[in-house]
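Subject: Structure for you, with notes

Hi,

Here is the structure I promised to pass on. Could you open it and keep it beside you while you read my notes?

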Amino acid sequence: MFRRKLSALGYQNPNEFNANGTIYENEFRNFIIWVEDQKIRHYKIEDRTGLRNIKSSDWTKACESYFKDLGCPYQQSERTSMIEWILAYAVRLEYGDHVDEYKAVDPSNIAMSQTDRVPSSNPLDNLDFNDPDFKAGVTSLSMILQIPPHADHLEQLKAICMVVKDRLSQEAIKKFSTEKQGEQLPLDQTDLGFDTGDYIINEAAKILRLIHIKNLRDLQTQINSAIVGVQALIANPKTDSRLGKVGY
């Protein structure tokens, strides 16, 4: 999964790189000092001693300090994410160092031989997003999820991703299972209160009005919770006899 970035950075044997697991600990440590020496160069040379001493028992602490100084949001326990993050960081710096050179490259003149190609284990890399079957699949999926059609199937795919992330994630499913479900109210029985003269606009206005009402109820619930929390603090004051007063 790191081969493309490793190849772009000129790492030795990118196809054989594996830094996950205890048996590959030395490879991971050598990779960190390589990417710092060759690409990132965040530390001065004399300050890289802790990273260079890969046999030291304090190397893990030096590595944690290094990633913290870089601003990496991941921990040692998330090694795969750490490697992906530092590779992306190094690629960005590499591009910044040679931006004029890369801008001058004409992609149409780049001929990559079959032996130079980095094989990908991700099946999505082999998809043809303009294939008729793919477009039909996007349309079918949007119908199942009740997503309005769009002229651009890729934009429609983005909408599908948003719906799946919002409604079908583990957090969303857990929240749905724990929330109390109210009584279902058919849309055709909802009174809009005015008429726009267009059935579709009327239906859309009903939906927006119901969403607005729900948001107001959620806001009122949060306000009530805040009031209860404040009352719990001020309604039960503690007495400090040393200060000669009641309260905090």
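Leaving aside its neighbours within four places in sequence, which residues is Asn202 in contact with? They are Leu192, Asp195, Thr196 and Gly197, where contact means heavy atoms within 4.5 Å.

Before I go on, some ground rules. This is a predicted model, so local features need pLDDT of at least 70 and side-chain atom pairs count only at pLDDT 80 or more, while totals for chains, interfaces and linings use all residues. Residues are numbered from 1 along each chain as its sequence is written, and side-chain values use heavy atoms, with hydrogens and water left out.

Back to Asn202. You'll find it in helix H10, residues 199-234. (Helices are DSSP runs of H or I with at least four residues, strands are runs of E with at least two, and both are numbered from the N terminus.) Its side chain makes a polar contact with the side chain of Thr196, at 2.6 Å. A polar contact is a pair of N or O atoms within 3.5 Å; within protein, one must be able to donate a hydrogen and the other to accept it, and residues adjacent in sequence count only if both atoms are side-chain atoms. Asn202 counts as buried because its relative accessibility is 13%. Buried means under 20% relative accessible area, exposed means over 50%, and partly exposed is in between (1.4 Å probe, protein chains only).

Helix H10 also holds Ile227, which is partly exposed at 42%.

Now zoom out. The protein has 10 helices and 2 strands, and along the sequence the pattern reads α-α-α-α-α-α-α-α-α-α-β-β. Of its 248 residues, 22% are buried. Take the contacts between residues at least 6 apart in sequence: 40% of them join residues at least 24 apart.

Next, charges. Side chains of opposite charge can pair when their charged atoms come close. The rule used here for a salt bridge is a side-chain nitrogen of Lys or Arg within 4 Å of a carboxyl oxygen of Asp or Glu, and the count comes to 10. One of them joins Arg48 and Asp37 (2.9 Å, N to O). Arg48 sits in the loop between helix H2 (25-40) and helix H3 (49-52) and Asp37 in helix H2, so the pair ties together parts that are 11 residues apart in sequence. Arg48 is buried, at 7% relative accessibility.

Asp37 forms a salt bridge with Arg52 too, with the closest N and O atoms 3.0 Å apart. That pair links helix H2 to helix H3, across 15 residues. Arg52 is partly exposed, at 41%. Put together, Glu36, Asp37, Arg48 and Arg52 are linked in a network of salt bridges.

Lys158 is partly exposed at 48%, and so is Glu155 at 35%.

Last, the cysteines. How many disulfides does a search of the whole structure find? The count is 0, taking a disulfide as a pair of cysteine sulfur atoms within 2.5 Å. For Cys72, the nearest cysteine sulfur is that of Cys63, 9.0 Å away. Cys72 is buried, at 12%, whereas Cys161 is partly exposed, at 47%.

Cheers
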